[in-house]
Amino acid sequence: MGVILGIDAGNSKTELLLASLEGEPSAYVRGPGSNAHGLGPDGCIAALARLVERAGLAAPAEHGAFFLCGVDIPSDIAELTEAVGRTGWVRGATVDNDSFALLRAGTDAPDAVAVVCGAGINCVGRAADGRIARYPSLGWETGDWGGAEMLGRDVLFRAARSEDGRGESTVLAEIVKSHFGLSVEALGEDLHYRRVREGRLGELAPAVVSAAADGDAVARALIERLADEVVLMTTRALADLRLENADVVLGGGMLRDGRDFLFGEVVKRLSRSAPGARPVTPLDPPVVGAALAALDAAGAPASSAERLRAAFRAGLAVEEVHGG
């Protein structure tokens, strides 16, 4: 009996679903993050191999959807597609950015956009006629601002200015000190001399959203700016796809619960900027979208997708695989 393989690889975790062509899952495995930018193609494949082995893939899958963080531009896709091809895991492969996993998991609508706001920020979209919207989303180098890590940099910047009087007073200074157990100045020194990874600034994001909701003016300005960026990416994708009415899937660590201040600000702004946009909070995680995309590519019937979603929502147990 044929099987499909779906992989969603992000900064913080990597997940794999193995399922039959009928949509019956046989393995759900989770491991550490496997950002292709940091690991390179060979390192990324090595990280995925541990999950594939644990999943018990006995023969090549009919199709595999590999939606990977750090696969952003055509050369990334080409390199990882070649690397996947060398593994022998699948007969056919779709390799692309992990934002596409969120898009497929979040909605079956043919006209749709997805924005991922997690450690970083990205946006993709699709139209019923097959057109795709996608952007490099490499960071400030490609005009992007947003996600927990870039937000964290601005938080530290404003906390430092608050402490020495160059900027507006804000609770962000106390948030920084409480989280890291260091003075704002000491943390700045440790980051500059690389004694602390800059990526750890992303850990501040939940507290900053809470501070914004509680009325801190500096925190609120940052979160409102982030909401503006999410909406700007959405409206750009809608315009490029020439869509007025579409589902907008909002996901990633900073948006996924659909309840906090940031999510509310995004929805409010979307209603003004794109009245035909329908905000969607995904019911299933992105790895389900990867598996659904693999089923689509393998030509499985719609009933297979329905069966897979139902099995996952019934409480599919995940097996943790630790890095080695």
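Two strands pair if DSSP finds at least two bridges between them. The legends below use this term for a predicted model.

**View 1. Five strands form an open sheet with mixed pairing.** The strand order is β8-β7-β6-β9-β10. β8 (132–134) and β10 (277–280) are the edge strands, each pairing on one side only. On average, neighbouring strands are turned by 15° against each other, with direction ignored. Helix α3 (residues 99–106) packs on this sheet and touches β6, β7, β8, β9 (246–251) and β10. The direction of α3 makes about 125° with that of β6.

**View 2. Strands β6 and β7 pair in the antiparallel sense.** In general, strands of a sheet pair through backbone hydrogen bonds, in either a parallel or an antiparallel way. Here β6 covers residues 112–117 and β7 covers residues 121–126, and six bridges join the two. Within this pairing, Val116 stands opposite Asn122 of β7.

**View 3. The largest nonpolar core holds 56 residues.** The members that touch the most others are Leu172, Val176, Met254, Leu262 and Val266. Helix α8 (residues 217–241) gives the most to this core, contributing 12 residues. With neighbours within four places in sequence left aside, Val266 is in contact with Ala227, Val230, Val231, Leu250 and Leu255.

**View 4. Phe66 and Trp89 form a stacked aromatic pair.** The structure holds three aromatic pairs. A pair of aromatic rings is described by the distance of the centres and the angle of the planes. For Phe66 and Trp89 the centres are 6.3 Å apart, with 20° between the planes. The pair counts as stacked because its angle of 20° falls in the range under 30 degrees. Phe66 lies in strand β4 (residues 63–68), whereas Trp89 lies in the loop between α2 (74–87) and β5 (93–97). The two residues are 23 apart, and the pair thus links distant parts of the chain. Phe66 is buried, with a relative accessible area of 0%. Trp89 is also buried, at a relative accessible area of 12%.

View 5. For Cys69, the nearest cysteine sulfur is that of Cys44, 9.1 Å away. A disulfide needs sulfur atoms within 2.5 Å, so Cys69 is in none. The relative accessible area of Cys69 is 10%, and the residue is buried. For Cys123, the nearest cysteine sulfur belongs to Cys117 and is 12 Å away. Cys123 is in no disulfide. Cys123 is buried, with a relative accessible area of 0%.

**View 6. Arg200 sits in the loop between α6 (184–192) and α7 (205–213).** Is Arg200 buried or partly exposed? Arg200 is partly exposed, with a relative accessible area of 30%. Apart from neighbours within four places in sequence, Arg200 is in contact with His179 and Phe180. Arg200 and Phe180 are 20 residues apart along the chain, and their C-alpha atoms are separated by 9.5 Å.

Key. Residues numbered from 1 in each chain as written. Predicted model: local features only at pLDDT ≥ 70, side-chain atom pairs only at ≥ 80, totals over all residues. Heavy atoms only, no water. Buried < 20%, exposed > 50% of the residue type's maximum accessible area, 1.4 Å probe, protein only. Core = buried A, V, L, I, M, F, W, Y, C linked by side-chain atoms within 4.5 Å. Helix = DSSP H or I, 4+ residues; strand = E, 2+ residues; numbered from the N terminus. Contact = heavy atoms within 4.5 Å. Axes fitted to C-alpha atoms, helices over the stretch in contact; angles between N-to-C directions. Phe/Tyr/Trp six-rings, centres within 6.5 Å; stacked < 30°, edge-to-face > 60°.
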